[in-house]
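Please read them with the structure open.

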Amino acid sequence: MDTKHLTTFVKLAQTLNYQKAARSLQYSPSTLFKHVQLLEEEMGVSLLAKEGRQLALTPEGERFLAHAKKILEQYEQMTADMVEDAVIDGTLSVGGCEINTRSGMRTLLETFSQKNPAVRIDMMTGPNANMPSFVKNGLVDVAFYYCIGHDHLPGLKEKFLYKEAAYLAVAPDHPLAHRTGLTCQELEKARIVYPHDSCCLFVELMRRLKNQGIHPKEVSLLGNLELVLDMVSHNEAVTLLQQYALARYEAAGKLVRLDLAEEPIWAWETIIWPEEKLLKGALRAMVQQSAIYAQSLMRENADQNAEQ
């Protein structure tokens, strides 16, 4: 039994469409048909059937799907165990928004390069909202992606890393910088700057302000993080940053978190990769080391809270 055939069957079970599955797996529809045919011959049962114009799993196909998923998971684990001590090399393309790759995940990427010097990391930055399509379209092998709550991402596998708060921030000498117990009403006269309006954090902030009838003096979308930080540093604006990214700028004396008497916006940080891609080599190392890094962040955060 060929794992490629099993991967084909699992993808077809998800899409129930030969054209969609073929595009995802980068095979021709006829190749997928042949894969299924070989599986059916080997099992001696029909796994897929047409119901009118719609493709559907047969009862045998439903049972076979559960076994196919387990076999593929075991195959990934076996492959990883066999190469665990081998030198990992090659190129790994990694996607993420600027806030993640330059701040929040910077330490992780530096550590990964130190532990895996034979792996070349190709970074691709873009709006966070674009990361799932970057992975699906093969622009990157893996990406860091955050969302409000849990996003269902068809065609992708994801591993939850950690949950972090996002806070409003200003320059240290901004008029709001050292005031306590602020409310969102204070933002009526503020200029809010952010890289992209597609970011889930920005969308949630605007939703909250709108629900409270608050209309900031100005909202500017500047296209990149560098311009945002430059404008904030000149006391001209307020921005929104995740907790671990903001901590870097606070430690450098560049930004101050606003003391808002409101619940922060929470982001779920994940790492995502194509569902059909086997988790091995550099990809597996990145996923594993991301999980280890996330655990260290959580421990550090717990220790800081205990000290306070």
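1. Glutamate 110 has a relative accessibility of 40% and counts as partly exposed. This is a predicted model. The side chain of glutamate 110 forms a salt bridge with that of arginine 106, at 3.3 Å from N to O. Arginine 106 is also partly exposed, at 41% relative accessible area.

2. Another of them pairs glutamate 186 with arginine 179 at 3.0 Å, N to O. Both partners are partly exposed: glutamate 186 at 29% and arginine 179 at 40%.

3. Arginine 191 and glutamate 218 meet in a salt bridge of 3.2 Å, N to O. Arginine 191 belongs to strand E7 (residues 191–194) and glutamate 218 to strand E8 (residues 218–221), so this pair ties together parts 27 residues apart in sequence. Glutamate 218 is partly exposed, at 33% relative accessibility.

4. In helix H9 (residues 225–233), the buried residues include Leu225, Val228, Leu229, Met231 and Val232. They span an arc of only 165° around the axis and so sit on the same side of H9. The N-terminal end of H9 is capped by asparagine 224, with a side-chain oxygen 3.1 Å from the backbone nitrogen of glutamate 226. After H9 comes asparagine 235, with a positive phi near 60°.

5. Met1, Met43 and Ile71 make a nonpolar surface patch of about 250 Å². Of these, methionine 43 lies in helix H3 (residues 29–43) and is partly exposed, at 36% relative accessible area.

Methods:
Residues are numbered from 1 along each chain as its sequence is written. This is a predicted model: local features need pLDDT of at least 70, side-chain atom pairs count only at pLDDT 80 or more; totals for chains, interfaces and linings use all residues. Side-chain values use heavy atoms; hydrogens and water are left out. Patches are made of residues with over 30% relative accessible area and no salt bridge: like charges are joined within 9 Å, nonpolar side chains (Val, Leu, Ile, Met, Phe, Trp, Tyr) within 5 Å. Accessible areas come from the Shrake-Rupley method with a 1.4 Å probe; for residues, only the protein chains shown count as cover. A salt bridge is a side-chain nitrogen of Lys or Arg within 4 Å of a carboxyl oxygen of Asp or Glu. Helices (H or I, at least four residues) and strands (E, at least two) are DSSP runs, numbered from the N terminus. Buried means under 20% relative accessible area, exposed over 50%, partly exposed in between (1.4 Å probe, protein chains only). The arc is that of the directions from the helix axis to the C-beta atoms. A polar contact is a pair of N or O atoms within 3.5 Å; within protein, one must be able to donate a hydrogen and the other to accept it, and residues adjacent in sequence count only if both atoms are side-chain atoms.
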